[in-house]
Amino acid sequence: MPRRTRRTLQVAATTALLVTAATACNAAAKSDASDSASGGSGTSFTLVTPDAVGQNEFLKLAVSGVKDAAKAHDGTQKVYESTDTASQQQNVQAAVDAKPDVIVLVGFEFADIVAQQAEKNPKQQFLIVDACTTKAFANVGCAVFREHEGVYLAGAEAGLLSKSGKVGAVDVLDTPQFRRYSDPFAAGAKQVAAKTETSTRFVGGQSPFDDSARAKEQANTLLSKGYDQIMAAAAAGNYGVFEAAKAKGAFAYGVDVNQCPSAPGTVVDNVIKRTDVAVEKGIDAVLGGRTGTTVSYGLKEGGISLTGLEDGVDSSKCVIADHKDVLTKVEALRDQIVSGELKVDDPAAS
């Protein structure tokens with residue numbers, strides 16, 4: 001499982017609270033300084049990532065977003081890949097020194113750094129994706145996600161596919177913010193199968209984001225009671241959930257990126273965060289003069305989706321690819337959410 005999955009779930013609580021409050025290259029970091037266009041308008045964008053991109057699909061999407069923005073605006077882009085806290089700070093400073101039109105940063109790791117830089121450099125525009133600063137700044141835009149909408153649709157899939165009528169979730173912690181990954185799953189299942197029995201188990205412990213053994217134990221507790229569809233929102237512990245489900249012939253659901261290849265035949269679908277959409281649309285907003293605001297991206301904006309609703313589902317190794325009839329029903333629910341006809345409750349809403 002990518003490190004970003006763990007970090008993304010960790011920041012769920014932080015992001016929700018912060019959003020409410022806010023309504024040069026170096027040896028330590030790898031830099032991709034390739035330009036997406038030359039001799040263009042002079043518009044420039046710099047992306048700083050919290051980790052090396054590598055095969056991290058979450059970050060690869062962010063890179064695609066900044067490249068698409070550069071192409072759309074006939075400009076140039078640079079990507080600074082961080083490896084640790086020191087390189088994150090160094091990369092942000094390098095980006096500020098280069099003075100691009102917009103500096104894009106992905107993750108809560110950059111919230112404090114950006115707050116400091118934004119105050120010292122009021123003319124520099126920043127865009128933080130999947131997090132926000134505690135204090136609002138006129139030159140800091142934030143792009144966050146409505147994960148609960150996608151979780152609801154995954155729950156609907158589970159309700160339609162369950163043979164036992166029991167749908168559960170393994171979540172990291174019992175807080176309103178983390179329940180965004182479990183409560184809507186139960187609600188979605190009951191929407192399509194009213195008599196569905198639901199339950200959530202929490203990892204907890206000393207290391208809830210990294211404890212595959214405890215996550216597996218919680219999944220086994222559900223499986224022993226006949227639950228056959230499980231939402232895996234256990235961060236790095238998702239592997240444990242997948243292992244437990246596979247051993248019992250049950251099914252699980254992933255988060256953030258396509259996790260089906262890690263357990264083919266077991267993972268039904270995934271709640272996807274389209275960081276590329278948030279980056280490209282966020283840059284458009286900044287260049288359009290809409291600065292210093294927090295924008296949430298859900299199904300309507302294309303910021304949240306399911307692997308089953310994306311192009312390429314047939315080659316995704318997801319179980320849902322074999323259930324086109326279920327996808328048809330889920331697409332109808334998605335359209336209702338997008339139109340406003342159906343509202344998904346957000347457990348983290350104040």
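Is the crossing of α2 and α9 left-handed or right-handed? The close-ups below take up this point and several others in a predicted model.

**Figure 1. The chain as a whole.**
The chain holds 10 helices and 13 strands. It has 350 residues, and 56% of them count as buried. The accessible surface of the chain comes to about 14,000 Å². Carbon and sulfur atoms account for 48% of that surface.

**Figure 2. Helix α2 packs with helix α9.**
Helix α2 covers residues 57-72, and helix α9 covers residues 275-287. Their axes lie 7 Å apart. The packing angle is about 30 degrees. Angles under 35 degrees count as roughly parallel, so α2 is roughly parallel to α9. The crossing of the two helices is right-handed.

**Figure 3. The residues where α2 and α9 meet.**
From α2 come Phe58, Leu61, Ala62, Ser64, Gly65, Val66, Asp68, Ala69 and Ala72. From α9 come Thr275, Asp276, Val279, Glu280 and Ile283. By class, this contact has eight nonpolar residues, three polar ones and three charged ones. As a guide to reading helices, an α-helix has 3.6 residues a turn, so residues three or four places apart point the same way.

**Figure 4. Helix α6 and its cover.**
Which residues of helix α6 are buried? The helix runs over residues 183-192, and its buried residues are Pro184, Phe185, Ala186, Gly188 and Ala189. Helix α5 (147-161) is part of what covers these residues. The cover also includes the strands β7 (166-171), β8 (197-202), β9 (229-233) and β10.

**Figure 5. Asp256, a residue with positive phi in a strand.**
Most residues other than glycine have a negative phi. Asp256 is not a glycine, yet its phi is positive, near 75 degrees. Asp256 lies in strand β10, which spans residues 251-256. Is Asp256 buried or exposed? Its relative accessibility is 2%. Buried means under 20%, so Asp256 counts as buried.

**Figure 6. Lys317, a residue with positive phi in a loop.**
Lys317 is not a glycine either, and its phi is positive at about 70 degrees. Where does Lys317 sit? Its place is in the loop between strand β13 (304-306) and helix α10 (324-339). The relative accessibility of Lys317 is 52%. Exposed means over 50%, so Lys317 counts as exposed. Asp256, by contrast, counts as buried.

Technical notes
Residues are numbered from 1 along each chain as its sequence is written. This is a predicted model: local features need pLDDT of at least 70, side-chain atom pairs count only at pLDDT 80 or more; totals for chains, interfaces and linings use all residues. Side-chain values use heavy atoms; hydrogens and water are left out. Axes are lines fitted to C-alpha atoms, for helices over the stretch in contact, and angles run from 0 to 180 degrees between N-to-C directions. Helices (H or I, at least four residues) and strands (E, at least two) are DSSP runs, numbered from the N terminus. Angles under 35 degrees count as roughly parallel, over 145 as roughly antiparallel, 65 to 115 as roughly perpendicular and the rest as oblique. A crossing is left-handed if the near helix is turned anticlockwise from the far one by less than a right angle, and right-handed if clockwise. Contact means heavy atoms within 4.5 Å. Ala, Val, Leu, Ile, Met, Phe, Trp, Tyr, Cys and Pro count as nonpolar, Asp, Glu, Lys and Arg as charged, and the others, Gly among them, as polar. Buried means under 20% relative accessible area, exposed over 50%, partly exposed in between (1.4 Å probe, protein chains only). Accessible areas come from the Shrake-Rupley method with a 1.4 Å probe; for residues, only the protein chains shown count as cover.
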